[in-house]
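Good morning. I have one structure to go through today, and I will keep to a few places in it. Please have a look at it first.

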Amino acid sequence: MQFDILTIFPEFFESSLKTSLLAKALAQKKLSVHLHNIRDFTEDKHHSVDDIPYGGGAGMVLKPDPVIRAIESIPKLKKSRSILLTPKGALLNQQKIVDLAQWDQLILVCGRYEGIDDRVRELAIDEEISIGDYILNGGEAAAVVLLDALVRLIPGVLGNEASAAFDSFSHGLLEYPQYTRPPEFRGLEVPKVLLSGHHKNIEAWRRQEMLKATYERRPDLLQKAVLTEEDETFLKELQKEKKEGRQ
Ligand code: SAM
């Protein structure tokens, strides 16, 4: 998978690309990341990338010309998609990450200041993505979030492929609680079933813990989750217990 990232701060990505799974995927050539400095596509002698907003108002706006020229300079692969990181975009979630993993090339455009002249969106952007309802200083942190989430889905990058399959959201539910050694820590014991070696019971316990965590923390996810009859019964009992507990 290839990423082309357009930014005025390419140095922002240095440590992320040298760390953990991103570094491993780059070394194994399962991932390639090309950083394009928008400033290199300016034509004036001061290499200015921004200008004052038409109509007045605070801050500066990234000029369309260098951004468009930077996008046009990138050789496009057959399955290529250009994405603008913006708080006005569709909210990112795991399903979107799975969809994006199908593309061969993602061109990520990072805004700064008050954003990018809107004509860039009209002329060269396929999709707009937001990583949450808050305002970052720039799109670079959002681009790292996308990269970090996507690299987990590239075959062969995770040591154990199964771990992505059981992550929170992968089945529409939050993950079960995880424990490691020691079996007892500051008076808290690891649930006995996990030490039993009984795989079927462990699986059943994990499923119930996923349902419980989702019910308690993100009940909105249950609307879309694929649930078995057994899951539904468990959730009804949980609901009843909670109601009785409250009375
Ligand atoms: N004035 C803009 C607004 O209110 O929509 C915010 C500009 S923000 C300070 C600068 C840049 O950061 C944006 O152009 C965008 O690229 C990026 N950015 C900020 N928040 C973001 C978010 N939640 N998701 C993705 N990108 C974001």
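Leaving aside residues up to four places away in sequence, glutamate 127 touches Arg81, Ser82, Ile83, Leu84, Lys96 and Leu100. Before going further, note that this is a predicted model.

Where does glutamate 127 sit? Its place is in strand 7. Is glutamate 127 buried or exposed? Its relative accessible area is 12%, and buried means under 20%, so glutamate 127 counts as buried.

Two of the residues just named come back when we look at side chains. The side chain of arginine 81 makes a polar contact with the side chain of glutamate 127, at 2.6 Å. The side chain of lysine 96 also has a polar contact with that of glutamate 127, and here the distance is 2.5 Å.

Now to the ligand. Strand 7, residues 127–130, supplies at least two residues of the shell around the ligand, and so does strand 5, residues 80–91. Which strand gives the most to this shell? That is strand 5, with three residues.

There are 19 residues around the ligand, and those that come nearest are Leu85, Gly111, Gly132, Tyr134 and Leu136. By type, the shell has nine nonpolar residues, eight polar ones and two charged ones.

For glycine 132, a backbone N or O atom is 2.9 Å from a nitrogen atom of the ligand. For isoleucine 131, a backbone N or O atom is 3.1 Å from a nitrogen atom of the ligand. At glycine 139, a polar backbone atom is 3.4 Å from an oxygen atom of the ligand. How much of the ligand does the protein cover? On its own the ligand has 580 Å² of accessible area, and the protein covers 84% of that.

Next, a helix. Helix 3 runs over residues 64–73, and its buried residues include Pro66, Val67, Ile68, Ala70 and Ile71. What covers them? Among the elements that do so are strand 1 (2–7), strand 6 (105–110) and helix 5 (118–124).

Last, the overall layout. The domain assignment gives domain 1 as residues 2–151 and domain 2 as residues 184–246. Taken over C-alpha atoms, the centres of domain 1 and domain 2 are 39 Å apart.

That is the end of my part. Thank you.

Notes: Residues are numbered from 1 along each chain as its sequence is written. This is a predicted model: local features need pLDDT of at least 70, side-chain atom pairs count only at pLDDT 80 or more; totals for chains, interfaces and linings use all residues. Side-chain values use heavy atoms; hydrogens and water are left out. A residue is near a molecule or strand if one of its heavy atoms lies within 4 Å of it. A polar contact is a pair of N or O atoms within 3.5 Å; within protein, one must be able to donate a hydrogen and the other to accept it, and residues adjacent in sequence count only if both atoms are side-chain atoms. Accessible areas come from the Shrake-Rupley method with a 1.4 Å probe; for residues, only the protein chains shown count as cover. Helices (H or I, at least four residues) and strands (E, at least two) are DSSP runs, numbered from the N terminus. Ala, Val, Leu, Ile, Met, Phe, Trp, Tyr, Cys and Pro count as nonpolar, Asp, Glu, Lys and Arg as charged, and the others, Gly among them, as polar. Buried means under 20% relative accessible area, exposed over 50%, partly exposed in between (1.4 Å probe, protein chains only). Contact means heavy atoms within 4.5 Å. Domain bounds come from an automatic or database domain assignment.
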